[in-house]
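This briefing concerns one protein structure, which is shown below.

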Amino acid sequence: KFKSRVLGAPSRGRELYGKHSPPKVARALAEALLSCGMPSLFGAVLVSACAGFRWHQTAFGTTVRRLLVVGDADFSFAAGLQRVLAASERPPVLIATGYEAEAGLNERFPRASTHIEQLRAGGAEVLHSVDATRLSERFEAGSLDRVVWNYPHIVGKTNLKWNRELLYNFLESTSPVLAAGGDVCVALCQGQGGTALERVPCDFTQTWQATIQAGRAEHLLIDAVPWAEVAVEGYAPCRSKGSVAHAFGLSFEIGEGGLLHIFAPAVQALAAARQAADNHLFLHELQIARGESGELALDARELLRIVTSVVGPDLARAVCHRETYAHPSLFGTGRTCDRFEAVYQSASGVLCREEVESLWERVEDELARLLEGRQGARLAKRKHAGWRASREMSAAEMFHSDDVAPPAFREPQALCDLDEYERQARAASAAGAHLEARGLPSPRCALPLWAVPQVGRELGLAALVAGG
């Protein structure tokens with residue numbers, strides 16, 4: 001059964017997902033095992049592993065009743081999605097839209113007419129000349145449960161500045177038309193989003209800076225799903241080249257690292273107690289000149305306590321001692337300076353630049369006051385930055401907001417991942433308590449993953465893995 005479902009059509013699988021198709025293989029294998037009467041040995045774990053995202057259910061668990069697709073040039077994605085939604089008990093109302101006018105559409109995208117016929121035959125609504133950055137002009141307030149835009153871009157030569165503005169304007173445009181519990185899905189190529197969820201590290205300055213654009217639009221990044229797990233059959237991304245008047249369709253390769261980013265209005269996320277999967281960081285560089293004795297005025301742990309007392313534990317993310325150096329022209333011969341980086345980040349809300357600037361001033365004033373009585377130590381230089389911290393930051397020199405140094409052997413992928421070990425510890429503790437309540441051995445023992453019935457579905461695969 002497994003071979004007939006997956007291996008029987010290898011060319012189709014390669015077309016959709018590349019050389020390998022882990023989600024498709026896992027789902028088919030789980031269904032095959034369960035259909036053969038095998039108890040939820042592998043089944044529950046595999047189904048749990050591939051059941052994270054559903055097109056007919058939002059990130060908050062609410063049912064999608066009206067789903068809007070924007071920027072679908074040849075309507076191939078909407079046509080493929082319609083077939084996926086048809087399998088659900090109550091398919092949502094699908095609204096497929098494109099930016100181009102109906103006149104001349106088929107000349108640019110020859111397959112468009114076929115897809116439009118399929119959509120209308122299946123009961124979908126098809127609209128043309130819909131501007132994704134001005135949705136309130138075409139749709140009523142609170143009328144949509146999910147808005148989807150795959151691989152948006154500005155027509156013409158790639159321009160990071162304008163593409164960032166495009167993403168910001170789109171997210172801002174979705175706020176009034178989203179219903180309670182609704183979300184926004186944006187697919188981006190590998191490295192475009194610039195979030196900590198990227199599979200491959202990237203230069204944040206050369207990305208669309210998705211978390212910053214979301215914060216400007218008062219949205220949070222709730223999750224990011226690999227595109228291979230949500231791709232629909234028959235969808236071929238198109239890009240436009242040249243001017244708007246003379247643009248033509250040209251397909252492009254998505255690559256293996258494409259992600260479907262799931263955003264939601266920050267107000268709704270806070271009401272549902274959903275934290276951001278990633279949020280942009282603000283760096284505060286503080287250079288503190290040592291006193292006449294040459295001793296360190298304060299260490300990273302003490303500086304973190306000062307910062308936390310000023311801005312609060314919810315925003316004081318971490319403090320790192322970067323380096324110690326001599327600067328005779330600034331401090332005099334024999335004087336040294338310590339350079340620290342304080343990091344501010346909100347895990348459950350939007351932290352705007354204006355708020356951070358006031359925090360910087362308050363921290364500097366408090367620090368200057370405390371250094372007055374420390375034998376000539378003083379705050380020498382300060383520098384502010386509004387982007388992600390360096391990935392080269394040493395974990396051994398870092399102190400996070402709970403005043404506990406992360407394991408020295410772990411080099412963080414990104415600064416916002418420093419509390420990952422703490423989340424894993426909490427997940428392991430929850431998994432152990434849940435299993436012990438059912439009379440099962442704790443996952444801290446050498447318990448094979450396949451021997452845990454149903455727990456994969458209830459606690460999530462991550463909790464089991466974190467438990468050991």
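**Salt bridges and sheet architecture**

Arg65 counts as exposed, because its relative accessibility is 53% and the threshold for that class is over 50%. The model discussed here is predicted. A search of the whole structure finds 11 salt bridges, and seven strands form an open sheet with mixed pairing.

**The Arg65–Asp145 pair**

- Arg65 forms a salt bridge with Asp145, and the closest N and O atoms are 3.2 Å apart.
- This pair links distant parts of the chain, since Arg65 lies in the loop between helix H4 (43-49) and E1 while Asp145 belongs to strand E4, 80 residues apart.

**The network around Arg339**

- Glu285, Arg322, Glu323, Arg339 and Glu341 are linked in a network of salt bridges.
- Arg339 lies in strand E12 (residues 336-344) and Glu285 in strand E10 (residues 282-289); the two residues are 54 residues apart and link distant parts of the chain.
- Both Arg339 and Glu285 are buried; for Arg339 the relative accessible area is 17%.
- The side chain of Arg339 also meets that of Glu323 in a salt bridge, at 3.0 Å from N to O.
- Here, too, distant parts of the chain are linked: Glu323 is in strand E11 (residues 316-326) and Arg339 in strand E12, 16 residues apart.
- Glu323 has a relative accessibility of 33%, so this residue counts as partly exposed.

**The seven-stranded sheet**

- The strand order in the open sheet is E3-E2-E1-E4-E5-E9-E6, and the pairing is mixed.
- Strand E3 (125-127) and strand E6 (219-226) stand at the edges; each has a single partner strand, so one side of each is left without a neighbour in the sheet.
- On average, neighbouring strands of this sheet are turned by 20 degrees against each other, direction ignored.
- Strand E2 (residues 93-97) pairs with E3 in the parallel sense over three bridges, and Ala96 stands opposite Val126 in E3.
- Helix H5 (residues 76-85) packs on the sheet and touches strand E1 (66-70), E2 and strand E4 (144-150).
- The direction of H5 makes about 170 degrees with that of E2.

How values were computed:
Residues numbered from 1 in each chain as written. Predicted model: local features only at pLDDT ≥ 70, side-chain atom pairs only at ≥ 80, totals over all residues. Heavy atoms only, no water. Pairing = 2+ DSSP bridges. Helix = DSSP H or I, 4+ residues; strand = E, 2+ residues; numbered from the N terminus. Axes fitted to C-alpha atoms, helices over the stretch in contact; angles between N-to-C directions. Contact = heavy atoms within 4.5 Å. Salt bridge = Lys/Arg side-chain N within 4 Å of Asp/Glu carboxyl O. Buried < 20%, exposed > 50% of the residue type's maximum accessible area, 1.4 Å probe, protein only.
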